[in-house]
Amino acid sequence: MDYDLIFVVGVLCCAFAIPALISAFSDRRFPRVAIMFAVVGGVSVAYAMQENPGVYGFATIDDVFVDVVGRYLL
């Protein structure tokens, strides 16, 4: 199982949750989709960090993203 891919997908889900949350609050509706994205992203990041302790951090996020993009898209 590729924990780098799980980590990147989790970070992207959390990033997409922020605009969904702002949109829901500006339309005065409950942010169901934003909460779902945040939970899925948070669980994915936590799972990847638990399975590979000490590998992921703020300093290595860009390296992990470049590695995953290079591995799967190129």
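Student: Let's start with Asp67: which residue does Asp67 form a salt bridge with?
Tutor: Asp67 pairs with Arg71, and their closest N and O atoms are 2.4 Å apart. Keep in mind that this is a predicted model.

Student: How far apart are Asp67 and Arg71 along helix α3?
Tutor: They sit four residues apart in helix α3, so about one helical turn separates them.

Student: And is Asp67 buried or exposed, or in between?
Tutor: In between: Asp67 has a relative accessible area of 36%, so it is partly exposed. Arg71 is partly exposed too, because its relative accessible area is 37%.

Student: Which residues are joined with Asp67 into one network?
Tutor: Asp2, Asp4 and Arg71 join Asp67 there, through salt bridges that share partners.

Student: Okay, take Asp2. What's the N to O distance in the salt bridge between Asp2 and Arg71?
Tutor: That one comes out at 2.6 Å. Asp2 is in the segment before α1 while Arg71 is in helix α3, so this pair ties together parts that are 69 residues apart in sequence.

Student: What about the Asp4 and Arg71 salt bridge, how far apart are the closest N and O atoms?
Tutor: There the closest N and O atoms are 3.4 Å apart. Again the pair links distant parts of the chain, with Asp4 in helix α1 and Arg71 in helix α3, 67 residues apart.

Student: Is Asp4 buried or exposed?
Tutor: Buried. The cut-off for that is under 20% relative accessible area, and Asp4 has 17%, so it makes it.

Student: How many salt bridges does the structure hold?
Tutor: Four. As for why such pairs form, side chains of opposite charge can pair when their charged atoms come close.

Student: Switching topic: which residues make up the largest nonpolar core?
Tutor: Eight residues: Ile6, Phe7, Val8, Val45, Ala48, Tyr56, Val64 and Val68.

Student: Let me zoom in on Ile6. Which residues is Ile6 in contact with, leaving aside neighbours within four places in sequence?
Tutor: Met1, Ser44, Tyr47 and Ala48. Ala48 is another residue of that core.

Student: Where does Ser44 lie?
Tutor: In helix α2. Ser44 counts as buried because its relative accessibility is 16%.

Student: What does Ser44 touch, not counting residues up to four places away in sequence?
Tutor: Ile6 and Gly10.

Student: Where is the place of Val69?
Tutor: Val69 is in helix α3. With 40% relative accessibility, Val69 counts as partly exposed.

Student: Is Cys13 buried or exposed?
Tutor: Buried, because Cys13 has 13% relative accessibility. Cys14 is in no disulfide either. Cys14 has a relative accessible area of 29%, so it is partly exposed.

Student: Last one, about the backbone. Which residue has a positive phi although it is not a glycine?
Tutor: Arg28, with a phi of about 55°.

Student: Where is Arg28 found?
Tutor: In the loop between α1 and α2 (32-51). Arg28 counts as exposed because its relative accessibility is 79%.

Terms used:
Residues numbered from 1 in each chain as written. Predicted model: local features only at pLDDT ≥ 70, side-chain atom pairs only at ≥ 80, totals over all residues. Heavy atoms only, no water. Helix = DSSP H or I, 4+ residues; strand = E, 2+ residues; numbered from the N terminus. Buried < 20%, exposed > 50% of the residue type's maximum accessible area, 1.4 Å probe, protein only. Disulfide = S-S within 2.5 Å. Core = buried A, V, L, I, M, F, W, Y, C linked by side-chain atoms within 4.5 Å. Contact = heavy atoms within 4.5 Å. Salt bridge = Lys/Arg side-chain N within 4 Å of Asp/Glu carboxyl O.
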